[in-house]
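Have the sequence and the structure at hand as you read.

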Amino acid sequence: MKSCILNLFYLCVLLIPAGLKAETQLPAPYALQCEHLEGPIGVDEMHPRLSWKLRDARQGAKQTAYRLLVGKDSLSVVQRKGDAWDTKKVNADESLVRYQGAALQPFTKYFWAVEVWDKDGKPCGSSVSSFETGMMGMANWQGTWISDGHNINQRAAPYFRKVFNPVNKKIKSARAYVAAAGLYELYLNGEKVGNHRLDPMYTRFDRRNLYVSYDVTAQLKAGKNAVGVLLGNGWYNMQSLAVWNFDTAPWRARPTFCLDLRITYEDGTTSVVKTDGDWKTDAGPVVFNSIYTAEHYDARLEQPGWNTADFDDQKWRGVRLQAAPSTQVVSQLMHPIRDVQTIPAQSLKVLNDSTYVFDLGRNIAGVTEIKVQGPAGTVVRIKHGERLLPDGRVDLSNIDVYYRPKDNTDPFQTDLFTLKGQGIETFKPKFNYKGFQYVEVTSSKPVKIDKSSITGYFMHSDVPVAGKINASSSLVNKLWAATNNSYLSNLYGYPTDCPQREKNGWTGDGHFAIESGLYNFDGITVYEKWLADHRDEQQPNGVLPDIIPTGGWGYGTANGTDWTSTIAIIPWNVYLFYGDSKLLEDSYESIKKYVNYVERISPEGLTSFGRGDWVPVKSESPLEYTSSVYYYVDAVILSKAALHFNKPEDQRYYSALAEKIKAAINKKYFNAQTGIYGSGLQTELSVALQWHIVPQGMEAKVAENLAKRVKADGNHLDVGVLGAKAILNALSENGQAQTAYDLAVQDTYPSWGWWIVNGATTLYENWNIQAERDISLNHMMFGEIGGWFFKGIGGIMLDEQRPGFKHVLLKPNFVKGLDHFDAEHEGPQGKIKSSWKRQGKKVTYVVLIPANSSATVYFPLQAGQKAYQGKSTVQDILHLDAGTYQFEIE
């Protein structure tokens, strides 16, 4: 009888209307994910992570036990039968568990559900979710890697096709698995498969390649079918020349790919359409493509229907079979790049009869689509930039500075579209993206064009939104939006510095922005991929380049701790935000090798291995000081990771090393009598506070000195990237929140707000808008402010002892200058909300703690103030279980 009741409960959960408000729903697990994705296919992990949240709006809601069921039949799972894994009842509140059942089989769909017991010990069940395994090993590939046989200098993109007939049986499912070195688009019977852009993600191609899995069941048809593939160069065959030397990368070759299209029939049998010598290849209208510069398209060379079954391919030629680029081909299990926003042009200025300038109204990363009509052979040049010249034309001088073209055939950020002269023609690049706000269109002959002719597409890794703020200050709201715009503009399967000038995975930029990224977006899949790139690039001695991936550039003398501490800082932050230690575990030996290397070259505890406080306003902090601080940070993270993974010898050793580094820094740079580091610059004081270098008990004095320094600097910034990461946190977390806020919303030079009042919709690379160099208008390296809003004003902070927001530290600051501030973050347990509103001398503070979590609130009471819940006074430090609470402070 009990089993029947629970089965009925599962079915009831499945039937709950999607729009029903959470507070009216029965308690139930929801948001089931495998490997941090919903219903993924192509899972290669033998022990995938399964996670869920608990929907329960009651006060004190929590999970007291769980039971996971995994099986190959969905109905069996509903009936509480897990033929692959049944954990039975586990008395624990954890909601992220690694699969430990029977060995997973490749190409198999697994269904799973979770039953949890609530705070009252009553069971409640989830709906059924699924994940599907992929290759699970190189040996399961049946296809051969193929290319068109041309050399690296061939400019035209290769097209490939094959016609096939499925077995004459009823098809149950079909999956396409595509691995490529370079970029590709996959077509089946004339239609593009999926909505991804720029697949596969960029890796160190000679060490690791990614494959992508697609459900193509609905695109197969009875009788003849055709599969088509178009290859782009990507970073694999860089034909554009720049200072980063990607044209001499050790992996460089003509793009190549491997495909298995696996068809499963209702009777359980399978057949595989694969890449082999039977494929055919030819060129087409994509006559040049560069991920770095642009794409050229000659519509006169189109071959209509090239990817359909009835196309006449007699003039196409055979393909070349070749070896795989690397011995490691693994699943691309991450949020893909997509066209996420469509942005019509806001204005059009006609400069003459062949020159038009469009303004999108905001700076983005992505591409444009043009619709134009003109005579055959007309060449339309579509130039993308961030600034305008005095004459109104597009100015590229701030972003083409590292480009080294050998001739004029590959103009920077400028697509070339040659018309075929048949009505309105459309062009949108497939294998490129750019950073821009303005688009200049010029044509070799008169064309028909208007404001609707240009549409922008904001492209980026399509990571789910996790955070939201809303303030009474329009400047705060604009700064937060600009930070997110820059973050997304620089998220293309790995975090980049800028989407136009470089597109490089600068390590420092990546970890400066990690908290902003994770407070605002669910980015774990991107960071797990990027840290795998780190491990691929790490030298045997532990050294990392300061751009990752790299074709060889970046193993110089400045690739030190302040930049390449990504290897430690990002896994640690992912662990704190998600409560998931897999990335930290995967990176542990790499962190250790890295710290050991720095120790060998800096045996006394201080190091000058680094790049320094990049792009400061005016004052430069000592390189040895800032590099040694990050060396300390790495050693601390390593010691904490060793403790977490039960490595006592490592924990003792690296804890002692951290103390040695800290002592050396304080001995040389700290004046304990005055509470000053170095000469008392903003960066010097800030990084000591941010990274806990300051001796215990001295924090308030150092923070007071920092606040005085800010005041002496006219309440303006005097920092570079290291100081910008630290200064707001250093102030707000040490009793100087008002100074931090005043600094954050300063709107005269130099400040973040100065950019906004001058029209910025993204963050800039330089405080000085008129600087002669380092003046990209879409950079993320000064982006910590986007995370600070959640911490410094909303007060939503992590607890290292209970990561993944199992326990939330709420430390709001009711700063003057704001009437209200709302912050929300969707964490692994659910939504956290911290919201306050000022009414006269009273502040109303509302918090939401998700089920299966708890919080400690630290009320920022001033002299004479008290905190009330209803009519009852509460302590200034208060523990809260899950639920919604309202307090009054007056």
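Helix α10 passes helix α11 in a left-handed crossing. The model is predicted. Two packed helices are described by the angle between their axes and by the distance between those axes. Here the angle is about 160°, and the axes lie 8 Å apart. Angles over 145 degrees count as roughly antiparallel, so α10 is roughly antiparallel to α11.

In α10 they include Tyr625, Val629, Tyr632 and Leu643. Their partners in α11 include Tyr654, Leu657, Ile661 and Ile665. The table sorts the residues of the contact of α10 with α11 by kind.

| Kind of residue | Residues in the contact of α10 with α11 |
|---|---|
| nonpolar | 15 residues |
| polar | four residues |

Now take α10 alone. The helix covers residues 623-644, which is 22 residues. At 1.5 Å a residue, α10 should span 32 Å. α10 is mostly covered, with 18 of its 22 residues buried. Just after this helix, Asn646 takes a positive phi of about 55°.

Thr483 is found in α3, residues 474-489. Is Thr483 buried or exposed? Its relative accessibility is 0%, so Thr483 counts as buried. Leaving out residues up to four places away in sequence, Thr483 touches Ser516, Leu763, Met780, Gly783, Ile785 and Gly786.

Methods: Residues are numbered from 1 along each chain as its sequence is written. This is a predicted model: local features need pLDDT of at least 70, side-chain atom pairs count only at pLDDT 80 or more; totals for chains, interfaces and linings use all residues. Side-chain values use heavy atoms; hydrogens and water are left out. Helices (H or I, at least four residues) and strands (E, at least two) are DSSP runs, numbered from the N terminus. The expected span of a helix is 1.5 Å times one less than its number of residues. Buried means under 20% relative accessible area, exposed over 50%, partly exposed in between (1.4 Å probe, protein chains only). Axes are lines fitted to C-alpha atoms, for helices over the stretch in contact, and angles run from 0 to 180 degrees between N-to-C directions. Angles under 35 degrees count as roughly parallel, over 145 as roughly antiparallel, 65 to 115 as roughly perpendicular and the rest as oblique. A crossing is left-handed if the near helix is turned anticlockwise from the far one by less than a right angle, and right-handed if clockwise. Contact means heavy atoms within 4.5 Å. Ala, Val, Leu, Ile, Met, Phe, Trp, Tyr, Cys and Pro count as nonpolar, Asp, Glu, Lys and Arg as charged, and the others, Gly among them, as polar.
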